[in-house]
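Please open the model in your viewer and keep the selection tool at hand, since this tour moves from one selection to the next around the ligand.

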Amino acid sequence: MTAPIWNTSAPGKVILLGEHAVVYGQPAVSMAIGLRMRVHVEPSTMSSLNGVQLTSHNYSYVSACLAKMGSAPMSVMTSSDFPSGSGLGSSAAVTVALIAALAGRYGPWKEAEVAQQAFEVECEVQGRASPIDTSTCTHGRAILVRPEPGEDLLWQMSLDSRRWCVHHLDAPDMTLVIGFTGRSAPTGPMVAKVKRYVDRSSFARDMVEEIGQVTLEGVRSMAEGDLEALGRSMSMNHKLLAILGVSSPELDRLVKACLPHSYGAKLTGGGGGGSMVALTDRPDQVVEVIRSKGGQPFVASTNVPGVKEE
Ligand code: PMV
């Protein structure tokens, strides 16, 4: 008898609008991208990731997924279209794909359950997380996160006093070019930096509100399929994030270089490093300029499916 095998995949993500401001209750838009993380799981005598035995000191996401799903020892193999530490959600994608693979042992799973369990794993491993990454990797396509429920609500999640209502968002097909600065930057210190600024400055609080307005404008442009207007919202969002202090010279350099060939461009995610994203209909040129400025380019389609069996 052959051993059972579970194969799943989940997409990476970019935050298109609203990062950081979402921490203060403003809306944010996140999109799944056509770069995927594939996971292969099969029973084994010991748990391992890509052939390396799991211990209490390595691969905390994989260990936490196996513990959460009450799993017997498993051999987990991964392969990814995008690098970890690039701000494209690799830890969320591996968590979501692995939770779905392990849930698949008992039959069909529901997106909402996978999203909830993956969020709990991220909280456990990171200490403090928002469900944006795990929800995007689970649902795919695009999501809108707000503190209040509205049309197309997918699920709600809460942690301490924070609540996130995750909605499906209809988005036009777009080509995004991502530029990884090559420098990983943890999100936590950037969130803490913004909090210090927001706590002491009404100007920073105004910037946060302004990001919320720009995000809603971008959502309206998406609904109208107006990529030029959406690009303008993204570029404005980048300027506001830079004022909040979460850009970096590398990110500013890549964004500036992409703008002549794009509808708009901005940093994506926590900032301080990580990646930027450009919305364009000239991906080859944008790839070229990102490379010429020392970044690592990735062309990504949108409106891609979330977690699925392979
Ligand atoms: O760094 P990322 O891609 O996981 O994005 C974090 C988004 C923030 O708004 C900066 C933080 C948060 O918890 O929402």
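Begin by selecting Lys 13 together with the ligand: in this predicted model, a polar side-chain atom of Lys 13 lies 2.7 Å from an oxygen atom of the ligand. Then select Ser 130, which has an N or O atom in its side chain 3.5 Å from an oxygen atom of the ligand. With the ligand still in view, note that the protein covers 88% of the 380 Å² of accessible area that the ligand has on its own, and that the space the ligand takes is the largest pocket.

Now widen the selection to the 14 residues around the ligand, of which Lys 13, His 20, Asp 133, Thr 187 and Gly 270 come nearest. By class, this shell holds five nonpolar, six polar and three charged residues.

To see where the shell comes from, select strand S1 (6-17), helix H4 (132-139) and helix H5 (187-200), each of which supplies at least two of its residues. Finally, colour domain 1 (6-171) and domain 2 (175-301) separately, as the shell draws at least three residues from each of them.

Key. Residues are numbered from 1 along each chain as its sequence is written. This is a predicted model: local features need pLDDT of at least 70, side-chain atom pairs count only at pLDDT 80 or more; totals for chains, interfaces and linings use all residues. Side-chain values use heavy atoms; hydrogens and water are left out. A residue is near a molecule or strand if one of its heavy atoms lies within 4 Å of it. A polar contact is a pair of N or O atoms within 3.5 Å; within protein, one must be able to donate a hydrogen and the other to accept it, and residues adjacent in sequence count only if both atoms are side-chain atoms. Accessible areas come from the Shrake-Rupley method with a 1.4 Å probe; for residues, only the protein chains shown count as cover. On a 1 Å grid over the protein atoms alone, a cavity is a set of points where a 1.4 Å probe fits but cannot get out, and a pocket is an open set with protein on both sides within 12 Å along at least five of seven lines; lining residues have an atom within 4 Å of a point. A molecule sits in a cavity or pocket if more than half of its atoms lie within 2 Å of its grid points. Helices (H or I, at least four residues) and strands (E, at least two) are DSSP runs, numbered from the N terminus. Ala, Val, Leu, Ile, Met, Phe, Trp, Tyr, Cys and Pro count as nonpolar, Asp, Glu, Lys and Arg as charged, and the others, Gly among them, as polar. Domain bounds come from an automatic or database domain assignment.
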